[in-house]
Structures are given as C-alpha cells and as structure tokens.
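Please look at the sequence and the 3D structure below. The briefing that follows goes through a few parts of the model, grouped by topic.

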Amino acid sequence: MKPSPNFEFDDLQALLRFGSGHLTETHFMLLQIKDADAARQWLSTAPVSSATATRPPPDTSLQIAFSVDGLRTMGLQEHIIKDFSDEFITGLAGDESRSRRLGDTGANAPEHWEWGGKSGQTPHVLLMLYAQNGKMEDWKKTVETKLFKRAFKLFMTLPTTELEAKEPFGFIDGISQPKIDWAQQQSTDLHERDNYSNRLAVGEVVLGYRNEYGHYTPRPLIDPQQDIHATSLPDAEDEPAMKDFGRNGSYLVIRQLHQDVPGFWQFIDAASDADPEKREQLAASMVGRERDGTPLAPATPNHIPGIAWQNRDNHFTYELDPGGTRCPVSAHIRRSNPRTGDYPPGVSGFFSRIIKALGFGQNRPDEDLIASSRFHRLLRRGRSYGPRLTPEDAIKPDASTEPRGLQFICLVANISRQFEFVQNAWNISSKFGGVQNERDPLLGIRAPLLNGEETDHFNHPHPSGPMRTTAHLPQFITVRGGSYFFMPGLRALQYLATTPATDSDSSS
Ligand code: HEM
C-alpha cells in the first residue's frame with residue numbers, strides 16, 4: 001500500500017481532522033439558495049477553513065456542506081449528481097422504509113420535524129461557523145457579506161450552546177473517536193485484523209481514498225474531455241483519466257435530537273428508589289460510562305492500535321465482559337461500537353475462520369454481534385444545545401423543561417454502511433449481541449414489535465450474575481430534524497463556484 005505522509009490537508013475541510021474544541025462558540029445556519037449566481041460568487045472567495053495545521057490554531061472556522069437539492073441549485077449537473085450514493089440522493093427523510101429502519105416513527109416521524117422532514121423543508125446548505133469565546137459576532141459579519149445576503153435566505157439557525165465537555169444528560173461526550181490513518185499505513189488485510197483496532201482507513205471518512213475493504217467508495221468522477229471546468233479537480237486515484245469531484249469530501253449526517261433531561265433523571269431516580277448512588281449506577285449502565293467518562297468495561301490487556309496504553313478512558317474492548325456484567329450489552333456505547341475485531345475471540349486457524357466468516361458455528365448467543373466494528377465507525381462532531389441542568393436539579397418536580405439536546409453530527413464515506421447501520425442494526429434493533437426485546441436505553445424508540453412483544457426494557461446483569469431488568473423505559477430522545485449533506489473538498493467547492501449558470505438558475 002502506498003504510504004502518503006503528505007496528505008492533502010489543504011483540500012480537506014477542517015472538521016474532518018479537528019473537533020476544534022478550542023472554538024467553543026458555534027453558529028449553525030440552514031440556508032436556502034435564492035440566487036445561484038450570487039451563491040457561486042460568494043463561494044469563490046468564502047473563507048472556508050482547511051485542515052492544514054497552523055500554530056497557533058485559528059480562532060475561527062467556517063465549514064460548508066450541501067444537500068442534494070443544494071448541489072442541484074448550485075448548478076451541479078444531473079449526470080454528476082447521479083453518482084452520489086442513493087441514500088444521499090433520496091435523503092434522510094426521503095423514503096418511508098428508511099424512516100422505519102432508522103426508528104424515525106411515532107414521535108420521531110419526519111412529519112413532526114421542525115426541519116428536514118416534509119418536502120420543501122430540506123435546506124440547501126449547512127453553514128457551520130466556529131469561533132473562540134467572544135469572537136463569533138465579528139466572524140459572522142466577515143462571513144455574511146452583502147453578496148452572501150443576496151445569495152442565501154436564512155431557513156433556520158440551529159440551536160447550539162457554548163461547548164461544554166458534557167452532553168445535556170450530564171455525561172462527558174466525545175471521548176471515543178476513530179483515529180484516522182492519514183499516512184495510510186494500516187493493512188486492510190482481513191487476516192491481519194482479528195482484533196479490534198481504533199485506527200481507521202482514511203477512505204472510511206473521506207472519499208477518494210481506500211476504505212477498510214481496500215476499495216474506493218463510488219463517488220462522482222468527471223471526464224475532463226467533456227468538461228474543461230473539471231481540470232482543476234484532483235485526479236481519481238483509481239481512474240487516473242477522470243477528475244474526482246468527491247475526493248477530500250465526506251457525507252455529513254446531522255440529526256437534531258431533543259433530550260428530555262428531567263424525564264431521564266426522574267425516571268432513573270424512581271427506578272433507583274431515590275437512592276443517589278443507585279441512580280448514578282443505573283444511568284452509567286445505560287451509557288456504558290460513568291458521568292466523568294470512566295468506562296464500565298474492564299481495560300483490555302491487549303494493545304489496541306490507535307489508542308495509547310495510558311488512555312484508561314478508551315483502552316478497553318468487551319472481550320473480558322462477554323455477559324455484560326460490568327457494562328451491559330445494551331449500553332449506548334456498547335451498541336454504538338461493540339469494539340469487535342473481524343472474528344470473535346478465540347477463533348484461529350484457517351478452517352475455523354472460514355466457518356465463522358460464513359456465519360456458522362455460533363455457540364453463544366452473543367456471537368450474533370459478529371459484524372466487525374471497523375466497517376461501521378463514525379467520526380462524531382456534534383454540539384449540544386439548551387441550558388445546563390444537573391441531575392440533582394433535573395429530579396426536582398419543577399425542573400425546567402426548556403429545549404435541550406444534541407445536534408448529532410457524524411462524517412462518513414458511506415452513509416448506509418456506517419451511520420444507518422449503527423442506528424438500525426445496533427442502536428434501534430431489538431436484537432443485539434444476544435439480548436432481545438430491548439433497544440438502546442438512550443436512543444431507542446419504545447414501540448412494541450409487530451408481534452406485540454414489548455421493547456421498553458433494559459437488562460443489566462448484577463456483577464455477581466443475576467439479571468436485573470428496568471421495565472417501561474419512556475422515550476428519552478426525540479428526533480426534531482435532520483438531513484444528509486455532502487461536505488466537498490476545497491477544490492470541489494471551487495468547481496461548484498465556477499459551474500456555468502444553467503437554465504434552471506432562478507430565485508427559489
Ligand atoms: C442525544 C443523543 C445522544 C447522546 C446523549 C449520546 C451520548 C453519548 C455518550 C455520553 C457517549 C460516551 C462518550 C464517548 O465515548 O464519546 C457516546 C458515545 C458514542 N455515541 Fe452517542 N449519544 C447520542 C446519540 C448518538 C447517535 C445518534 C449515535 C449514532 C447513530 C451515537 C453514536 C455514538 C458512538 C459511535 C459513540 C462512541 C462509542 C465508542 O466508540 O465507545 N450516539 N454517546
């Protein structure tokens with residue numbers, strides 16, 4: 001495999017490399033393009049931030065992503081658009097079966113969303129402004145020029161609060177992230193990857209590079225013979241005669257998730273007989289970590305590539321806790337990333353591997369979480385919203401019910417294999433890792449199965465073995481909006497900025 005230490009960070013939007021935790025203020029705008037020509041002109045000089053590292057780090061950042069309607073309105077031609085993935089083209093709320101698979105039913109159904117749900121409510125552009133404390137107002141003025149105002153209509157400003165380490169339920173968030181293998185040195189060979197690794201192929205989050213299968217994810221490639229504007233785009237690594245519109249771009253999934261903070265803590269308090277210690281334990285078992293981030297799973301003695309030995313907060317797998325007596329199998333972080341290698345522990349030898357790879361030889365019920373984690377990782381970049389409420393205040397009967405939640409954001413190269421798989425097969429599924437009739441205790445919908453079986457339970461075995469069940473969990477998290485976007489590389493943004501006007505250009 002060709003190592004490429006000189007990664008094209010100057011063509012990558014910053015968010016793919018940095019969480020920008022020092023930029024505590026955010027201003028996320030959903031925009032409609034009202035004048036495509038003005039939008040292209042604005043984009044040609046827009047101060048979009050690249051992933052090039054600077055010292056000191058910048059005190060502001062601007063990131064931009066387009067929905068499929070946004071790309072169309074910018075003038076990107078249909079023969080290019082058709083090579084984006086189907087799920088991006090159809091959209092997050094674009095088809096009923098997708099909504100069902102993602103748990104976007106009942107109170108989560110797109111028809112109730114504040115944005116992104118009904119047709120005509122999907123924004124063209126997601127513009128993300130980041131700034132150091134106190135610098136946002138000036139940054140907004142720099143970005144929102146006269147041309148900007150001519151180009152765009154503000155559809156909605158998404159609520160966000162100043163960055164805190166904790167999400168609204170009060171748990172430290174953003175601890176576990178895949179370590180992107182920018183130097184492209186890790187082998188994707190199945191036989192070398194039995195164990196869990198946190199190092200992830202670039203092509204899992206950035207288009208135009210090899211993914212964990214060693215392949216290039218399909219993306220729009222343009223023939224420069226047919227389109228002279230495309231000559232400034234990078235060459236496609238896998239098809240050098242073609243120009244790569246996707247390279248250094250990524251799909252961005254955003255979901256506005258309302259969190260019922262008083263409802264969460266009041267339920268847990270009642271289920272713990274109002275005992276503060278038991279309350280903390282039950283809440284931690286639902287997440288898989290204590291509120292300060294300490295994982296419930298025991299540290300693994302095996303080295304995990306991409307995680308330092310000393311990183312106690314992340315140096316674990318679930319190998320030493322197969323039954324979930326330390327970290328319940330259904331805990332949010334265990335469902336979201338079961339930290340499995342390509343084969344279950346103890347599988348060695350060619351014959352055994354073949355049997356397991358074909359799905360035979362499952363002796364234990366938990367072996368149904370066979371899906372290897374490395375094909376389903378997410379680079380999370382969300383930000384919370386709403387005023388802080390401590391668990392102690394949240395359990396009071398008059399606790400404030402102001403809107404609180406998470407603008408969940410993740411970046412992936414394959415929406416269906418990564419985000420949709422995690423949400424559907426791991427978080428929402430009522431069957432996971434040997435447990436049945438329960439879903440993710442945080443994210444799950446609580447609707448019964450078609451056969452009438454309840455799914456509103458949470459099983460968490462006692463450390464000494466016996467199963468404890470917390471029954472009748474209400475729904476704590478409700479979807480309020482969302483959309484699939486594409487975050488192009490900087491050269492692809494310039495291609496969009498210089499796309500010739502088409503007949504369809506008009507104010508919308
Ligand atoms: C309001 C909704 C959510 C809340 C409150 C929440 C909360 C948390 C917390 C507290 C952690 C542990 C901290 C960490 O390891 O970074 C975590 C981890 C994680 N969450 Fe969520 N989350 C939410 C939504 C989601 C969604 C929608 C997904 C994916 C579809 C997701 C995927 C993950 C993943 C992949 C991890 C890291 C697991 C690991 O690698 O160990 N989360 N979340």
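**Briefing**

Strand E17 (residues 477-487) is largely enclosed by the rest of the structure, because ten of its eleven residues are buried (under 20% relative accessible area with a 1.4 Å probe on protein chains only; exposed is over 50%, and partly exposed lies in between). Strands (E, at least two residues) and helices (H or I, at least four) are DSSP runs, numbered from the N terminus. The model is predicted: local features need pLDDT of at least 70 and side-chain atom pairs count only at pLDDT 80 or more, while totals for chains, interfaces and linings use all residues. Residues are numbered from 1 along each chain as its sequence is written, and side-chain values use heavy atoms, with hydrogens and water left out.

**Strand pairing**

- E17 and strand E9 (residues 250-259) pair in the antiparallel sense over ten bridges; two strands pair if DSSP finds at least two bridges between them.
- In this pairing, Val479 of E17 has Leu257 opposite.

**Helix H14**

- Helix H14 (residues 490-497) has six of its eight residues buried, so the helix is largely enclosed by the rest of the structure.
- Its buried residues are Leu490, Ala492, Leu493, Tyr495, Leu496 and Ala497.
- These buried residues pack against several elements, including helix H1 (36-45), strand E2 (60-66) and helix H2 (68-74).

**Ligand and iron**

- His332 (NE2) is the single protein donor to the iron atom of the ligand, at 2.1 Å; donors are N, O and S atoms within 2.8 Å of the metal (3.2 Å for Na, K and Ca), and water is not among the atoms, so sites may look incomplete.
- His332 belongs to helix H10 (residues 332-336).
- The ligand is surrounded by 25 residues, and Ile175, Ser176, His332, Arg339 and Arg380 are the closest; a residue is near a molecule or strand if one of its heavy atoms lies within 4 Å of it.
- A polar side-chain atom of Ser176 lies 2.5 Å from an oxygen atom of the ligand.
- For Arg380, a polar side-chain atom lies 2.7 Å from an oxygen atom of the ligand.
- E9, H10, strand E12 (405-412) and helix H13 (416-428) are the elements that give two or more residues to the shell around the ligand.

**Leu449**

- Leu449 sits in the loop between strand E14 (435-436) and strand E15 (458-459).
- Leu449 counts as partly exposed because its relative accessibility is 24%.
- Apart from neighbours within four places in sequence, Leu449 is in contact (heavy atoms within 4.5 Å) with Ser430, Asn437, Arg439 and Thr455.

Technical notes
Polar contact = N/O pair within 3.5 Å; in protein donor to acceptor, adjacent residues only side chain to side chain.
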